[in-house]
Amino acid sequence: MKKIIISLLALFTLLALAACTSGEASGDKKELKIGATSGPYADQLKESIIPLLEKDGYKVKLVEFNDYIQPNRALQEGSIDANVFQTSVYLEAFNKEHNTDLAIGHAVPTAPIGLYSEKHKDVSDVKEGMKLTLSNDPVSMARALQMLDRFGWITLAGEIDQTRASEKDIVDNKYNLEIIAMDGAQLPRSLGDTDFAFINGNFAIASGLHLEDAVLLEDTPPEFMNNVAYHKDNLDETFAEAIKKAYHSEEFLQYTNENNAGFTKPDYQKE
């Protein structure tokens, strides 16, 4: 009799383990960790997306980062399940440089890069030898240089990939501008010492600046929209679909309209 009971217990244990394994394999994961850079993308998660996911039965922990490297390392290692902070261009370059297997899910409302100044009110104020700061992140630098090219302050080489433009691609610096590249998070602090600063929207907002304070805002193209990213093996998991559903919801559209004025909306939020 004891042997029968032991055998039955062993069978039930194996069945339970099999059920758990099957649930995990099918993507039935209910505890999530989502990473984001501090600022508006973390706020979108905290104030709208995570509550929507919790209504769907998920338990979600937000992990905040202060740079553009650690969120992807954490995603590759599996210590978080998704992150929200980067463009598709940046992710492509990161994968190549770090040999990672990360993939874009979908775009999110994105705070554009802005040209900010404490000394000047218009791009027409540019003068010989002015100092300006921009991000040393290659993608953000390319975006800022494209804006400078459109202003007519510099000329970029015509045959280059515009999404990867760097200082070496400047063929004419019309006003002999002093262009200083630095960590993006430090750019708001540079305003007192420079004439103009190109500041990513998330860092501007996190520092207390408002998008409407900018001298000029970038008209953000699709390749420079920020996105939800996953490890490529998780793109089709149920939790990824749940995150997408939350971002595509009417509730999040209302949140965007009320809290993210000036942001570039992804196509699914456009009327």
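This is a predicted model: local features need pLDDT of at least 70, side-chain atom pairs count only at pLDDT 80 or more; totals for chains, interfaces and linings use all residues.
Planes under 30 degrees apart make a pair stacked, over 60 edge-to-face, and the rest tilted. One of these pairs joins Tyr68 and Tyr90, which sit edge-to-face at 6.0 Å centre to centre with 65° between the planes. Tyr68 belongs to the loop between β2 (59-65) and α3 (70-77), while Tyr90 is in helix α4 (residues 88-98), so the pair ties together parts that are 22 residues apart in sequence. Helices (H or I, at least four residues) and strands (E, at least two) are DSSP runs, numbered from the N terminus.

Residues are numbered from 1 along each chain as its sequence is written, and side-chain values use heavy atoms, with hydrogens and water left out.

Rings meet charges too. The charged end of Lys30 sits over the ring of Tyr58, 4.2 Å from its centre, and Lys29 lies over the face of Phe239, at 6.0 Å from the ring centre. To count, NZ of Lys or CZ of Arg has to be within 6 Å of the ring centre and within 35 degrees of the ring normal.

In α8 (residues 250-259), the buried residues are Phe252, Leu253, Tyr255 and Thr256. Seen down the axis of α8, they fall within an arc of 160°, so they line one face of the helix; the arc is that of the directions from the helix axis to the C-beta atoms. An α-helix has 3.6 residues a turn, so residues three or four places apart point the same way. The face turned away from the buried side of α8 carries the exposed residues Glu250 and Glu258. Among the elements covering the buried residues of α8 are α2 (40-55) and α7 (238-247). Helix α5 (residues 138-151) has 10 of its 14 residues buried, so it is largely enclosed by the rest of the structure. The buried residues of α5 include Met141, Leu145 and Leu148. After α5 comes Gly152, with a positive phi near 85°.

What does the side chain of Gln86 make a polar contact with? The partner is the side chain of Asn72, at 2.8 Å; a polar contact is a pair of N or O atoms within 3.5 Å, where within protein one must be able to donate a hydrogen and the other to accept it, and residues adjacent in sequence count only if both atoms are side-chain atoms. Gln86 is found in strand β3 (residues 82-86) and is buried, with a relative accessible area of 1%. Leaving aside neighbours within four places in sequence, Gln86 is in contact (heavy atoms within 4.5 Å) with residues including Leu91, Met225 and Asn226. Asn226 lies in the loop between β11 (216-217) and β12 (227-231) and counts as buried at 6% relative accessibility.

Key
Buried means under 20% relative accessible area, exposed over 50%, partly exposed in between (1.4 Å probe, protein chains only). Rings of Phe, Tyr and Trp (its six-membered ring) pair if their centres lie within 6.5 Å; planes under 30 degrees apart count as stacked, over 60 as edge-to-face and the rest as tilted.
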